[in-house]
Amino acid sequence: LLCSEGDLAEELSQTVLGRGGFEHHTARRLEDARLMALAARPAIVMIDRDLPRADQLVAALREDRSTRSLSIAVVARGEIDETELALLEAGANAILRLPAGPEWDARLNRLMAIPQRRQARFPVSFWVLAAGPMFEEPVPATGLNLSENGMLLETRVADLDLGSELEFDVRLMGGDKLGGNGHVVRLARPAQYA
């Protein structure tokens, strides 16, 4: 699904999306994009950064249970713009800078292979290791969803930054602990971190 007032299909014609036999749907308005995402269930949603209300489109796709798991990439021209952070915070998976280059195919293939997230609520304890405030005690949080690539945490105890390194424990049924580490790659809603 290509969401732009311009012709994104032409700009993406030399990528896997243009050469790979993909069927394109184009939406020029937010309302059309939401309906097409529901109807077509696209492999990826490509949103032009300059589309009016692009951040609202990303947020709407993430809030709707039927479109929440779609892979969303924002395409941008020129220099980095402050609106790009708002798009990532709203739930975009990546920003891809035009013109499309040879590295795009690998990135697009990874984005189209983003695993499904499973909705759940489970207790999590984590420690902040770097790139943010340090805590001597574990911080309580709730895991809201989980995929093989990460989880969405909610905590009102810590104010985390992008890049904060975490070490975490999840208590499994039966009392066993599952531990791991990672870093914050997306600031979701207030007090939610992926």
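**Helix H4 and its neighbours**

I looked up what the buried residues of H4 pack against: strand E1 (2-3), helix H3 (30-40), strand E3 (45-48), strand E4 (72-77) and helix H5 (83-90). Contact here means heavy atoms within 4.5 Å. Helices (H or I, at least four residues) and strands (E, at least two) are DSSP runs, numbered from the N terminus.

This is a predicted model, where local features need pLDDT of at least 70, side-chain atom pairs count only at pLDDT 80 or more, and totals for chains, interfaces and linings use all residues. Residues are numbered from 1 along each chain as its sequence is written, and side-chain values use heavy atoms, with hydrogens and water left out.

I then listed the buried residues of H4 (residues 54-63): Ala54, Leu57, Val58, Ala60, Leu61 and Arg62. Buried means under 20% relative accessible area, with a 1.4 Å probe and protein chains only. An α-helix has 3.6 residues a turn, so residues three or four places apart point the same way.

**Strand E4**

I checked how covered E4 is. Of its 6 residues, 5 are buried. E4 pairs with E3 in the parallel sense, over 4 bridges. Two strands pair if DSSP finds at least two bridges between them. Asp48 has Val75 in E4 as its bridge partner. From E3 the chain crosses through H4 to E4, a right-handed β-α-β crossover. Right-handed means that, with the strands pointing away from the viewer, the path from the first strand over the helix to the second runs clockwise.

I moved on to E5 (residues 94-98). E4 and E5 run parallel, joined by 5 bridges. Val74 has Ile95 in E5 as its bridge partner. The chain goes from E4 through H5 to E5, and this β-α-β crossover is right-handed.

Terms used: Buried means under 20% relative accessible area, exposed over 50%, partly exposed in between (1.4 Å probe, protein chains only).
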